[in-house]
Amino acid sequence: MAKKHYSRKELRLKEDPFIAFANETYEKLKKNYEKVITVIVVVLFVLGASYAYHNFSQTSSAEASQRYYAAMNTLNKAVSPQQNQDQKEELPGAEERVNLLKQADSQFNELLTKDSSSDFYESGIYHRGLTQYYLKEMKEALRLFDQYLYEYPAGKYAPAAKLIEVYINEQDNKRVPALEMIEEFFRFYPDSPLRFQVLMDKGRISNLEAEAQEKASNAEAAKKYYSQARDAYQEIVLQGEDNPYYSLAKKAVTELSEIVGPPTAPKSPDSKPKA
C-alpha cells in the first residue's frame with residue numbers, strides 16, 4: 001500500500017505561536033523559500049529581534065549597543081524582505097545575501113569578543129548561530145546553539161535554539177538524534193508556544209525514519225516509527241479543530257492508521273481497571 005509522508009512544503013506554518021504579526025511575515029516570505037523550515041527559522045529571527053529591541057536594559061555601554069544593533073540590522077537586511085522603489089517587497093539577491101550574512105557574522109563575533117559581559121551577549125550568541133545557519137555552516141551553527149543552551153538552558157531563545165538543532169540534525173540525515181532532541185524539547189520546554197510545531201516535526205521525521213527502516217527490511221523498527229508518527233499527530237488532533245495544524249494532523253492520523261492501526265483511545269480519568 002502506498003504511503004505518504006508530509007513534506008516541509010505541506011507543513012506550512014499557518015500562524016505564529018508567539019505573536020500575531022508572524023502570520024503576515026510568513027505570507028510575505030513563503031513565495032521566496034521552498035522549505036517551510038527556512039520560513040520558521042526566519043520567523044524565529046523576527047521574534048528574537050523584536051524581543052531584543054524591546055527588552056534590553058540601558059546598562060550596557062554605548063559601544064556594545066552600537067555593535068549589537070549594527071549586527072542585527074545587517075542580519076535583518078539579509079533575511080527579511082525589503083521594499084524597493086516600486087514598493088514591492090523582495091529579498092536581496094543570493095550574492096548580496098551571502099555578503100550581508102558574512103558581514104553580520106563578523107559584527108556578532110566582534111560583539112561576543114569585546115562585550116561578553118553586556119546585556120547583548122546572550123542574544124549575540126543566538127543570532128550568530130542563526131547567521132551561521134543561513135550561511136549553511138551547520139557545524140559552527142550547532143556549536144553556537146550548543147554554547148547558548150549550555151550557558152542559558154532556560155534562556156529566552158532556548159526553545160528556538162533547540163528546535164533549530166533538530167532541523168540541523170535532520171538535514172544531516174540524523175533523524176534518530178533529531179527525534180531524541182525533540183524529546184528533550186518536550187522535557188525542558190513543555191509549555192513552549194512552539195510545542196505543536198514540534199509535534200508536527202516529530203510526526204514528519206518519524207514517518208521519514210519509518211520509511212527508511214522499511215526500505216532496509218526492518219519491519220519492527222518501521223512499525224515503531226510509523227506508530228510514533230501517528231501518535232504525535234494524534235496529540236494535535238486531540239486539541240480540537242481550533243488548533244492550526246488540526247486538518248493536516250487528522251489526515252496524517254487517518255493514513256498512518258491504515259498502516260499500523262488506529263491510535264489507542266485516551267483513558268477516562270474515572271476509568272478503573274477491570275477486576
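## How the helices pack

The axes of helix α3 (residues 62–79) and helix α5 (residues 121–134) approach within 11 Å and cross at roughly 30°. α3 and α5 are therefore roughly parallel to each other (angles under 35 degrees count as roughly parallel, over 145 as roughly antiparallel). Their crossing is left-handed, a term for a near helix turned anticlockwise from the far one by less than a right angle.

With α4, helix α3 packs at an angle of about 160°, the axes lying 8 Å apart. That makes α3 roughly antiparallel to α4. The crossing of α3 and α4 is also left-handed.

## About the model

This is a predicted model, where local features need pLDDT of at least 70 and side-chain atom pairs count only at pLDDT 80 or more, while totals for chains, interfaces and linings use all residues. Residues are numbered from 1 along each chain as its sequence is written, and side-chain values use heavy atoms, leaving out hydrogens and water.

## R97 in helix α4

Look for R97 in helix α4 (residues 94–114). R97 is buried (under 20% relative accessible area, with a 1.4 Å probe and protein chains only). R97 has no salt bridge (a side-chain nitrogen of Lys or Arg within 4 Å of a carboxyl oxygen of Asp or Glu). The nearest side chain of opposite charge, E96, is 9.8 Å away. A polar atom of the R97 side chain does lie 3.2 Å from the backbone oxygen of A78.

## E165 in helix α7

Helix α7 (residues 158–171) holds E165, which counts as buried at 1% relative accessibility. From C-alpha to C-alpha, E165 and D146 are 8.4 Å apart in space, and they are 19 residues apart in sequence.

How values were computed:
Helix = DSSP H or I, 4+ residues; strand = E, 2+ residues; numbered from the N terminus. Buried < 20%, exposed > 50% of the residue type's maximum accessible area, 1.4 Å probe, protein only. Lys, Arg positive; Asp, Glu negative; His and termini not counted. Polar contact = N/O pair within 3.5 Å; in protein donor to acceptor, adjacent residues only side chain to side chain. Axes fitted to C-alpha atoms, helices over the stretch in contact; angles between N-to-C directions. Parallel < 35°, antiparallel > 145°, perpendicular 65-115°, else oblique.
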